[in-house]
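Could you walk me through this structure while I have it open in my viewer? I would like to know what to select next and what I will find there.

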Amino acid sequence: MNIFDYNNGVLHAESVSAVDIAAQYGTPCYVYSRKAFEQHYLAYENALQGRDHLVCYAMKANSNLAVLNVLAKLGAGFDIVSIGELERVIAAGGDPKKVVFSGVGKKAHEIRRALEVGVHCFNIESEAELDRVNDVAAEMNMQAPISIRVNPDVDAQTHPYISTGLKENKFGVDIDDAPRIYAKANAMSNLNVQGIDCHIGSQLIETAPFMDALDRVLALVDILAEQGITIHHLDLGGGLGVTYDDEVPPTPGEYIAELTERLGDRQLKLIFEPGRSIAANAGIFLTQVEFLKSNEEKNFAIIDGAMNDLIRPALYSAWQAIVPVVQHADRNPENTKAWDLVGPVCETGDFLGKDRQLNLQPGDLLAVKSSGAYGFVMASNYNSRPRPAEVMVDGDTSYIVRARETIADLYAGEQLLPSE
Ligand SMILES: Cc1ncc(COP(=O)(O)O)c(C=O)c1O
Ligand SMILES: N[C@@H](CCCC[NH3+])C(=O)O
């Protein structure tokens, strides 16, 4: 069956069967589609043709090396938030010169490494960070390219945990204070002011908050021009939402068309940092039903995937579609009932879905859709569970792109105290 949906509802049939993947690699596992990753990335590229631009995939969404490599081959840049992510870009064959470095807590050694490999820009998130980047660049006798992440105080109208552009959020500097901080940055001898950055939140399904943020940022560009500070690029972050259920977010094409119209004839290079809109609907999470049990109140299907593998439902009450991989036409439709799909972890919050109308039997394979973003990357070893395998489907072949962790991996690097 078709288990990958391209964004915006177009169904995509992969020729590799999920049943074969489960048999070959075991469950639970993540399965990605190369074609979907490529199409989602190219939707941005195509919308930006004819403009100076850089699409920096926000690799926090899915940092598997094979995924990064597929995007690097298309010329993608990357938005990183740690030096671990930078090293993954390099290991995957990505170009560090197309990297933007975001994040509120960059350590000196991370800044040093980023300068060494020549990242495109540091997205500075506080005045104190400005000083730190300037100091490290001075030690290295270099000029650090920077933009300042401003917090435009717009309500992204998304889940409070993934809203980032309000005064109450820890990200960026207050937009009203930005002219002063830019003046300071401009006077620092080892910084090179390049751009402005903002990212107001994730899973936005309307363009209005993006446009509000853009208007505020453009007003700042004008104020800075009056101060004699030229801004070369505008980094508008990521945040474009995807269809998990029945949401209809704008396509990258629609979003970028609306935005470029507002830009008029301004010659600013545009940078985007999409994560979810590239990765979410390019992946599924495959899990198997182990046991069924019911009481007067509830039907529980105990599955082999758990909150440690896919934490979004537990953490944000996120809803992701869960579908049977095989349609069993011979099953009595009267057996269809509402199931809570719960994992083996010892937490009440360990569920991937609740009250899902399904006709289940032990051994059934289920696909949790839209799991390509913030899935494996947020997996943990809680309850000493090995993290699942990651598999990439490429045409009619599937490849294991990260093996399931072994039990020995779980305690590698740990030590007992020396014996007396
Ligand atoms: C600075 C920054 N850029 C890009 C992203 C990617 O966001 P999304 O996955 O919603 O596109 C995030 C995460 O919200 C972020 O914090
Ligand atoms: N992890 C979140 C998104 C975080 C966005 C990163 N700033 C999610 O799964 O929805």
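Here is a short tour, stop by stop. Keep in mind throughout that this is a predicted model.

**Stop 1**

Now look at where they meet: 17 residues of domain 1 are in contact with 19 residues of domain 2. On the domain 1 side, select helix α2 (residues 34-47), which gives the most to that surface, with four residues. Taken by class, the side of domain 1 that touches domain 2 holds seven nonpolar, six polar and four charged residues.

**Stop 2: the ligand**

Next, select ligand 1 and the 16 residues around it. Which of them come nearest? They are Ala 58, Ser 202, Gly 238, Gly 275 and Arg 276. The shell as a whole is made up of nine polar, four nonpolar and three charged residues.

**Stop 3: helix α8**

Move on to residues 208-226, which form helix α8. From first C-alpha to last, its 19 residues reach 28 Å, close to the 27 Å expected at 1.5 Å a residue. Show the side chains of Pro 209, Phe 210, Ala 213, Leu 214, Val 217, Leu 220 and Leu 224, which are buried. Turn the view so that you look down the axis of α8: these buried residues fall within an arc of 130 degrees, so they line one face of the helix. On the other side of α8 you will find the exposed residues Ala 219, Asp 222, Ala 225 and Glu 226.

What covers the buried residues of α8? Among the elements to select are the strands β8 (144-151), β10 (191-197) and β11 (233-235), together with the helices α7 (178-187) and α9 (252-263). Before leaving, click on Gly 228, which follows α8 and has a positive phi near 85 degrees.

**Stop 4: helix α4**

Helix α4 covers residues 83-91, and its buried residues are Glu 85, Leu 86 and Val 89. They span an arc of only 105 degrees around the axis, which puts them on the same side of α4. Cover for the buried residues of α4 includes α3 (65-73), β5 (77-80), β6 (99-101) and α5 (108-117). Just after α4, Gly 93 has a positive phi of about 85 degrees.

**Stop 5: backbone details**

Most residues other than glycine have a negative phi, and most peptide bonds are trans.

- Thr 27 to Pro 28: the peptide bond here is cis, with omega near -5 degrees. Look for Pro 28 in the loop between α1 (18-25) and β3 (29-33).
- Asp 153: its phi is positive, near 55 degrees, and the residue is not a glycine. You will find Asp 153 in the loop between β8 and β9 (173-174).
- Asp 355 sits in strand β17 (residues 351-358). With 11 other C-beta atoms within 10 Å, Asp 355 is exposed.

Terms used:
Residues are numbered from 1 along each chain as its sequence is written. Chains are lettered from A and ligands numbered from 1 in the order in which they are written. This is a predicted model: local features need pLDDT of at least 70, side-chain atom pairs count only at pLDDT 80 or more; totals for chains, interfaces and linings use all residues. A residue is near a molecule or strand if its C-beta atom, placed from the backbone, lies within 6 Å of it. Ala, Val, Leu, Ile, Met, Phe, Trp, Tyr, Cys and Pro count as nonpolar, Asp, Glu, Lys and Arg as charged, and the others, Gly among them, as polar. Helices (H or I, at least four residues) and strands (E, at least two) are DSSP runs, numbered from the N terminus. The expected span of a helix is 1.5 Å times one less than its number of residues. A residue is buried if 20 or more other C-beta atoms lie within 10 Å of its own, exposed if 12 or fewer, and partly exposed in between; C-beta atoms are placed from the backbone. The arc is that of the directions from the helix axis to the C-beta atoms. Two residues are in contact if their C-beta atoms, placed from the backbone, lie within 7 Å.
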